[in-house]
Amino acid sequence: MTSTNWKNVNNWSVPALLPSFPPAFLLSYPPACLPACLHSSASVNEPLADERDGWMTDNVCRHWVEKNCLPWAKEYFNVLKGITVTDDKGTQVTVAEVSDVQGDVDLNQRKGKIIHIFDLAITLKWTGKNASGTDAAGKIVIPEFMHDTDLDELVFDVTVDADNRERHEIKEVARKKLTGEIRKAFANFTKDLLESHSKDVYIPPTEMKGHPVLSTYQPKPPVASSAAASQTSKGKEGVLGGLVTINQKIEFVASARDIYDTLLDQGRASIWTRGKAEVSKAAGSSFRLFDGNVSGTITSVTENKRIEMKWRLKSWPENHFSTVTIDLDDDGEQTILKLKQADVPVGEKESTEINWKNYYWNPIKGAFGFGALL
């Protein structure tokens with residue numbers, strides 16, 4: 001699990017407020033999507049006015065702050081080194097080295113609350129010796145330690161080098177006893193993370209005065225001429241103004257399998273959405289992304305080639321779904337993703353096109369290194 005931290009500038013980022021999705025979407029974006037104040041020499045105290053879809057943002061840059069805490073986490077997990085256990089037969093096993101810590105550890109403030117999000121993969125090296133003097137060594141891989149993972153659900157993949165009967169018995173001590181002590185050492189990670197870094201992202205309520213309050217997003221119908229106003233009709237599902245189709249073609253420097261897995265694997269999706277993701281590769285299964293602002297059903301899949309789904313935004317008219325078809329064409333050097341989205345409310349066409357780029361394609365490219373941002 002690797003991640004290119006495109007949002008990080010000296011361990012800090014300030015997300016932009018994009019107009020078309022509710023506040024729960026507003027987590028992090030590629031630099032190209034940040035407000036202009038981040039790309040100029042203007043003081044952060046200067047007002048930024050941005051009028052889109054009928055609402056204004058003013059001084060937004062001061063109110064959304066995020067800190068990358070991965071370097072701190074890499075140092076933190078060195079506490080695992082030296083953890084030792086001994087069984088009743090005299091076999092002793094020790095964590096000899098913390099060899100790798102990968103993933104994301106972020107703190108940010110949203111709606112006055114400090115939010116922590118982390119997703120880590122950790123690799124340890126262990127050594128051991130039994131009572132007769134036989135030595136053994138191996139690895140312990142913890143493939144996923146997330147902010148919403150119960151400690152009892154942690155998975156430990158324990159292996160031993162040059163396996164034989166005696167070394168296998170030493171490995172079993174590592175698997176049964178050493179992992180239990182490692183699990184205990186993880187218990188304080190969240191508390192220590194917040195205590196060490198929350199002050200860096202917390203903005204007092206007094207400084208939040210004047211922060212724009214976003215009303216519930218209401219899709220706007222197309223503007224009809226006065227002559228035609230009396231003839232305006234409702235399309236499918238009672239959507240005012242009718243429905244349109246979106247077509248996009250995106251190039252990824254990755255295999256079709258990589259893109260297919262990235263869109264439908266729950267672990268990968270949680271990385272590029274930067275939050276809890278509910279999705280699977282099973283036809284007929286439901287999905288839920290961005291705190292429920294995007295949801296729907298996977299209707300059909302052809303492995304590494306096609307994904308079909310019923311897809312909607314929470315802000316759309318109740319029970320209205322668009323039909324999304326994603327085709328993947330792998331030429332051996334890159335994959336061309338072709339998106340067709342039918343039954344989009346006509347007033348939502350432009351914002352939906354933009355947000356496929358800002359919330360799907362660019363985060364996927366940035367998180368996994370699948371090519372240049374759009």
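Predicted model: local features only at pLDDT ≥ 70, side-chain atom pairs only at ≥ 80, totals over all residues.

Me: What makes β10 and β11 edge strands?
Reply: Start with the order. The open sheet has 6 strands, arranged β10-β15-β14-β13-β12-β11, with antiparallel pairing. β10 (243-252) and β11 (286-289) each have a single partner strand, so one side of each has no neighbour in the sheet. From one strand to the next, the twist averages 25 degrees.

Me: How do you know that β11 and β12 count as paired?
Reply: Two strands pair if there are at least two bridges between them. β11 and β12 (residues 294-302) have 4 bridges, in the antiparallel sense. Therefore they count as paired. One example is Ser 286, whose bridge partner in β12 is Thr 297.

Me: What joins β14 to β13, and what pairs β14 with β15?
Reply: β13 and β14 run antiparallel and are joined by 6 bridges. Met 309 has Val 324 in β14 as its bridge partner. β14 and β15 pair over 8 bridges, again antiparallel. There, Asp 327 has Lys 338 in β15 as its bridge partner. The hairpin of β14 and β15 has 4 residues between the strands, and Gly 332 takes a positive phi near 95 degrees.

Me: Which strands does helix α4 lie across, and which does helix α6 touch?
Reply: Helix α4 (residues 256-264) lies across β10, β12, β13 (306-313), β14 (322-330) and β15 (335-345). Its direction is at about 150 degrees to β14. Helix α6 (residues 349-368) packs on the sheet and touches β10, β11, β12, β13, β14 and β15. The direction of α6 makes about 25 degrees with that of β10.

Me: Are Phe 77 and Phe 145 buried or exposed?
Reply: Buried means under 20% relative accessible area. Phe 77 is at 1%, so it counts as buried. Phe 145 is at 3%, so it counts as buried too.

Me: Why is the pair of Trp 272 and Phe 290 given its label?
Reply: The ring centres of Trp 272 and Phe 290 are 6.4 Å apart and the planes are at 65 degrees, so the pair is edge-to-face. Trp 272 lies in helix α5 (residues 266-272) and Phe 290 in the loop between β11 and β12, so the pair ties together parts 18 residues apart in sequence. Trp 272 is buried, at 3% relative accessible area. Phe 290 is buried as well, at 5%. Ring pairs link both into a cluster whose members include Phe 252, Trp 311, Trp 356 and Tyr 360.

Me: How do you know that Arg 268 sits over a ring?
Reply: One requirement is that CZ of Arg is within 6 Å of the ring centre. Arg 268 lies over the face of Phe 368, at 5.1 Å from the ring centre. Arg 312 lies over the face of Phe 321, at 5.5 Å.

Technical notes. Residues numbered from 1 in each chain as written. Heavy atoms only, no water. Helix = DSSP H or I, 4+ residues; strand = E, 2+ residues; numbered from the N terminus. Axes fitted to C-alpha atoms, helices over the stretch in contact; angles between N-to-C directions. Contact = heavy atoms within 4.5 Å. Buried < 20%, exposed > 50% of the residue type's maximum accessible area, 1.4 Å probe, protein only. Phe/Tyr/Trp six-rings, centres within 6.5 Å; stacked < 30°, edge-to-face > 60°. Lys NZ or Arg CZ within 6 Å of the ring centre and 35° of its normal.
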